[in-house]
Amino acid sequence: MPRQRTARAILATVTVILSLIGAQVVATAPASAAVTTIYYDASRAGQFATNFAEAAQIWNSSVDNVRLQPGSPASVVVYVDNGWPRAYVTRLGAGRIYMGTQAVNQGYDRTRIATHEWGHILGLPDRRTGLCSDLMSGSSAPVSCRNAYPSAAEAARVDQLFASAAATVPDASLGSRSYVWVGN
């Protein structure tokens, strides 16, 4: 399993680099794996598009049952504006993300914010623990926090939510939710 995660992490890094120069890589999962692919559009994310690509690769290297991939039809669209970062989840694996520059201007890490907002799309709520090791602690962690990786528990929860192909059907327990990154 560690070799598989290492190989996936290397492939994810190469994929990000190739996508930044315009090349496209297609990887297939083993036939026995039930992997849900979520296509996203970060063309409206401005200067944060690379942060969202990096955040997608972080999730791809951390979980087994879901893949975030640029493409269409996009079930997730990423925007940028002057407010606080936030995610509007319409169903598991779908919605809108806004990279609000207000958090970046206060010193929060761009990639941590992007990975955190992806976490909402993947079904995770805010957990204001104040711990840098908890990705979903969001702005309750210190501004100096640069950890952009989900904890083992956070990754396991996402894998659990996407454990079957039925995960692509709207999850009634999630409903339509909004998550806003709130400053201190």
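Student: Is Cys132 buried or exposed, or something in between?
Tutor: Cys132 is partly exposed, with a relative accessible area of 29%. Here buried means under 20% relative accessible area, exposed over 50%, and partly exposed in between, with a 1.4 Å probe and protein chains only. Cys145, by contrast, is buried at 4%.

Student: Before we go on, what kind of model is this, and how are residues numbered?
Tutor: This is a predicted model, in which local features need pLDDT of at least 70 and side-chain atom pairs count only at pLDDT 80 or more, while totals for chains, interfaces and linings use all residues. Residues are numbered from 1 along each chain as its sequence is written, and side-chain values use heavy atoms, with hydrogens and water left out.

Student: Which residues does the disulfide join?
Tutor: It joins Cys132 to Cys145, with an S to S distance of 2.0 Å; a disulfide is a pair of cysteine sulfur atoms within 2.5 Å. The structure holds 1 disulfide.

Student: What does that pair tie together?
Tutor: Both Cys132 and Cys145 lie in the loop between helix H4 (110-121) and helix H5 (152-161), so the pair ties together parts that are 13 residues apart in sequence. Helices (H or I, at least four residues) and strands (E, at least two) are DSSP runs, numbered from the N terminus.

Student: And why is the disulfide called right-handed?
Tutor: The torsion about the S-S bond of Cys132 and Cys145 is about 80°, so the disulfide is right-handed.

Student: Changing topic: how many helices and strands are there?
Tutor: The protein has 5 helices and 6 strands. From the N terminus on, the order is α-β-α-β-β-β-β-α-α-α-β.

Student: What about H5, which residues are buried there?
Tutor: Glu154, Ala155, Val158, Asp159 and Leu161 are buried in H5. Seen down the axis, these buried residues fall within an arc of 165°, so they line one face of the helix; the arc is that of the directions from the helix axis to the C-beta atoms. Ala152, Ala153 and Gln160 are exposed on the other side of H5.

Student: How enclosed is H2 itself?
Tutor: Of the 14 residues of H2, 11 are buried, so H2 is largely enclosed by the rest of the structure. Among them are Phe52, Ile58 and Trp59.

Student: Which residues touch the most other members of the largest nonpolar core?
Tutor: Phe52, Trp59 and Trp118 do, in a core of 36 residues. H2 gives the most to this core, with 5 residues. A nonpolar core is a set of buried Ala, Val, Leu, Ile, Met, Phe, Trp, Tyr and Cys residues joined through side-chain atoms within 4.5 Å.
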